[in-house]
Amino acid sequence: MAEKLYIDALREGLREEMQRDESVFLLGEDIGIYGGAFGVTRGLIDEFGEERVIDTPISEQAIVGMAVGAALSGMRPIAEIMFFDFLTLAMDQLINQGAKIRYMFGGKAKVPMVVRAPMGSGTGAAAQHSQSFPGVFAHFPGLKVVIPSTPYDVKGLIKAAIRDDNPVVFAEHKLLYRVKGEVPDEDYVLPLGKADVKRKGRDITIVAGSIMVIRALEAAKELEKEGIDVEVIDPRTLKPLDMRTIIDSVKKTGRVLIVEDDPMSFGWGAEVAAGIAGSEAFDYLDAPVKRLAGLDIPIPYNPNLERHAVPQVENIVEAVRELLR
Amino acid sequence: MDLTKEKRLWMYRKMYEIRRFELEVDRLFKANMIWGTCHLSVGEEATAVGAIAALEADDMITSTHRGHGHCIAKGGRLPQMFAELLGRETGYCRGRGGSMHIADIETGNLGANGIVGGGVPIATGAALASKMKKDGKVTLCFFGDGANNQGVFHESLNIASLWRLPVVYLCENNLYGMSVAFSRSTAVKNVADRAAAYDMPGEIVDGNDVEAVYHVVKKAVERARRGEGPSLIEAKTYRWLGHSKSDANVYRTKEEIEEWKQKCPIKRYRLKLVEEKIATEEELDRIEKEVEREIQDAIEYAKNSPEPSLEDIADGVYA
């Protein structure tokens, strides 16, 4: 199996789906010759032409709204929003239109579209270009939300998102683009709504998503030296959320730490915590459920402040030690 | 571009159907049989019918919160429409959508919309799909004067013009965005003036003259089908009734409303058809009687239709 970068695996997924299905096309700002602000779509215009890799004006609401209209008319659009933050400009079309059309129309329409966007801090871009809020979209019935953490996952999940008949929000963390991992060359699709056990362990469960999976795995390596055996669960999709896998893991380990990139208050970690508390796993808990998440602040510019604003490996290590004390 | 007798009678029938449908909805609403709210298009029938008469059957439309007329003109069936307003399982949206969300994908109606301007990028996206699929279809985008000040309207028209998409933007300017007069909401005199900013034709038409609307829209549809891009048409018309069911109508005078009632598009067309000897009074009376029977049958159908089952409440959230 070949080692590939996350960004290349993602592009491979897009390319294979565009080759497989003529109704799949890309729509977004600077995705053509420029190849996207982060280079995800680089080279695709050479293969598929400007008819299927469409550069748009800076008009986020129209981009997402047109994706809704094209999806309603039998196409499978993939809209790239340059930064996850800018999804706020397209909220009406995503939430009031795309997410609701099928139900409002009595189940008689389909809106098969994907909205991709890079999220997260760590690049010094400050408050308006650094946010992670995939959980916001998981709140709305009708949307699916994917937060892929590895090159293997991102390829399998983008293919699933494209083939899904619902609007899917696909949240890519910028710091993951350069992460390397094993990715098979052949066609494979990962189901939406199935969590992945990224590391098996018996002492504690860490539920982490997106970039925090990588940090949790690093923390686990660190803790191994102290004889602590960590299990890491990656939900991979926030909606649908695979609580079963999480509950089973907590029943085995008796302790759980939830780590997310989003601000703490009302984040998806609370949903996971409530899911555990309301399940049979509650009786197996040897310690209260613990959460690590971003501070409830806009992401600051200064590198030290920025780093401090979201959980780092050392915070995860420390939190696990506390839980086992 | 001459209209056949058959087409003219179809236009008369559809306008009459819409008028009768809306008045029955008003009556059923007052009898507490319709829940929520609804936005009636009494007085605006000529715009819906004239514009849709200019389309082919498999062309598409997007509609507004005042969308009953568009749905009927596009081929929507009265029984399913009444059933939806009564919240029944047999309604277009199985009682989930109500007045503001009726869609009928089979007849090319991509849906009414509860958000002012919400359908504008959706129509633009449908037109993009047509261009990509080369299916030859045109999308007609209805919107009201209120929507012409929404940001997404401007985003969409810019893109449609840039890419020469097969879409026709049709503003039904009924002179009020809820209670605010058009002159108090919009910096230009006419919505159509804004076409210049997007390098597309902008045309103003008497929205109460069904054939005038037909001819203007026909020209724009043909232009779109030839691949020459979008047009912006503004039909000046008027809604006789309030904005919605909660409107006490205190922002305009009785005289103004009365003046527009004198311009009733249906009476006016009837007169024309008879004067020009296209139809006799008897023929038109017969059409009205047929419509009346259809309306009553449709209401009966809706009343006798089952309520949706609570067990199915989550049906259709996901495909």
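A residue is called buried when its relative accessible area is under 20%, exposed when the figure is over 50%, and partly exposed in between, with a 1.4 Å probe and only the protein chains counted. By that definition D199(B) is exposed, because its relative accessible area is 69%.

Good morning. Before I continue, two remarks on the basis of this talk. The model is predicted, and local features need pLDDT of at least 70, side-chain atom pairs count only at pLDDT 80 or more, while totals for chains, interfaces and linings use all residues. Residues are numbered from 1 along each chain as its sequence is written, chains are lettered from A and ligands numbered from 1 in the order in which they are written, and side-chain values use heavy atoms, without hydrogens and water.

Let me stay with backbone geometry. Most residues other than glycine have a negative phi, and most peptide bonds are trans. D199(B) has a positive phi, near 50 degrees, and is placed in the loop between α7 (182-185) and β6 (202-206) of chain B. Helices (H or I, at least four residues) and strands (E, at least two) are DSSP runs, numbered from the N terminus. R164(B), which is not a glycine, also has a positive phi of about 50 degrees. R164(B) lies in the loop between α6 (151-162) and β3 (167-173) of chain B and is partly exposed, at 49% relative accessible area. In chain A, a cis peptide bond joins K239(A) and P240(A), with omega about -5 degrees. P240(A) sits in the loop between β12 (237-239) and α9 (243-253).

I turn now to charges. Side chains of opposite charge can pair when their charged atoms come close. A salt bridge is a side-chain nitrogen of Lys or Arg within 4 Å of a carboxyl oxygen of Asp or Glu. How many salt bridges does a search of the whole structure find? Over all chains there are 65.

One of them pairs K144(A) with D164(A), whose closest N and O atoms are 2.8 Å apart. K144(A) lies in strand β6 (residues 144-146) and D164(A) in the loop between α7 (151-163) and β7 (168-173) of chain A, so the pair ties together parts that are 20 residues apart in sequence. Are these two residues buried or exposed? Both K144(A) and D164(A) are buried.

A further salt bridge, at 3.4 Å from N to O, joins K290(A) and E322(A). This pair links distant parts of the chain, 32 residues apart: K290(A) is in strand β14 (residues 290-294) and E322(A) in helix α12 (residues 313-324) of chain A. K290(A) is partly exposed at 26%, and E322(A) is partly exposed at 38%.

Finally, the records. UniProt, in an unreviewed entry, places "domain: Transketolase-like pyrimidine-binding" at residues 4-179 of chain A; such annotations may be inferred rather than shown by experiment. That span is 36% helix and 17% strand, with its end C-alpha atoms 8 Å apart. For chain B, an unreviewed UniProt entry annotates residues 270-304 as "coiled-coil region". In the model, residues 270-304 of chain B are 83% helix and 0% strand, and their end C-alpha atoms lie 34 Å apart. Thank you.
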